[in-house]
Structure formats: C-alpha cells, structure tokens
Amino acid sequence: MITSFVLQSILVALFLSVSLQKISGHPQQVNIFKNLKLPQWFRVVTGWVQLVGVVGLIIGFWVTWVVVIAGLWFGITMLIGMIAHIRVKDPFSKSIPAFVLLVISVTLSTLNF
C-alpha cells in the first residue's frame, strides 16, 4: 500500500527529528515547553515517548499490525499536545501541526487496520 508507506515514512522522519530535539534539549523545544508551562523533564519524557513510536513505525514496515498501534500512539500524543496548547490559551494556529499529525496518524492506523 503506497499511501501507507508514504505516510509512515513522513511520520518516521518527522518524529525521529523532533524526538531527538526534545531529548537533547534543542532551544526551540525548550521554549515550546516553557510556553506550554510544562516542566523540562516532561519534554525529555515526551521525546522518549515519540522515539518509541518511531521504533514502532519502523518495525511496522515489516509487521503491519504494529503500525496500527504506533499510529494510535502518535494520535494520542498529538491530542495531548493540542490540549496543552488549548490549556495555555494559545491561538489555534499553534495547534494546527499537532492536529495535522493527529489526522495523519489516525489515517495511517485506519489504513492498516
């Protein structure tokens, strides 16, 4: 399924980069978590959670049912991200990336269910 492969590859590349930035303390990620009024240890935990999801997506290239779980895993984390932005009354525009990734993640899970 080409669509699934493309969506999976996009999520792997994106979340691998972002998770490593969170774990390593990239200034942009540090500032995002400050703005969201979340502790910095939560940034690191979030990075590891996302890295686990990346591993799931990579395994999913060979074991299809793992993609379903990994897609839901990312869908839940993106929903939490949206809630975090709403909690601090950020403009909706700051939630759009999380919303788009939520839709892609759930679509990926649905395609492989």
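Predicted model: local features only at pLDDT ≥ 70, side-chain atom pairs only at ≥ 80, totals over all residues.

Colleague: How are the rings of F5 and F61 arranged, stacked, tilted or edge-to-face?

Modeller: A search of the whole structure turns up five aromatic pairs. For F5 and F61, the ring centres are 5.3 Å apart and the planes sit at 55 degrees. Stacked needs under 30 degrees and edge-to-face needs over 60, so the F5 and F61 pair is tilted.

Colleague: And how many residues apart in sequence are the parts that this pair ties together?

Modeller: F5 belongs to helix α1, residues 2-24. F61 is in the loop between α3 (40-59) and α4 (64-87). So the pair ties together parts whose separation in sequence is 56 residues.

Colleague: What about W41 and F42, how do their rings pair?

Modeller: Their ring centres are 5.8 Å apart, with the planes at 85 degrees. Over 60 degrees is the cut-off that matters here, so W41 and F42 pair edge-to-face.

Colleague: Over to L57 then: buried or exposed?

Modeller: L57 is part of helix α3. Leaving out residues up to four places away in sequence, L57 touches Q8, L11, V12, A70, F74 and L108. Its relative accessibility is 0%, so L57 counts as buried.

Colleague: How far apart in space are L57 and F92?

Modeller: In sequence, L57 and F92 are 35 residues apart. Going C-alpha to C-alpha, the distance in space is 28 Å.

Colleague: Now α4: how far apart are its end C-alpha atoms, and what span should it have?

Modeller: α4 has 24 residues, and at 1.5 Å a residue it should span 34 Å. That agrees with the model, because the end C-alpha atoms of α4 are 35 Å apart.

Colleague: Which helices are included in what covers the buried residues of α4?

Modeller: The buried residues in α4 include V66, A70, F74, M78 and H85. Among what covers the buried residues of α4 are α1, α3 and α5 (96-112).

Colleague: Last one: which residue just after α4 takes a positive phi?

Modeller: The phi in question is about 60 degrees. The residue that takes it, just after α4, is K89.

Note on methods
Residues numbered from 1 in each chain as written. Heavy atoms only, no water. Phe/Tyr/Trp six-rings, centres within 6.5 Å; stacked < 30°, edge-to-face > 60°. Helix = DSSP H or I, 4+ residues; strand = E, 2+ residues; numbered from the N terminus. Buried < 20%, exposed > 50% of the residue type's maximum accessible area, 1.4 Å probe, protein only. Contact = heavy atoms within 4.5 Å. Expected span 1.5 Å × (residues − 1).
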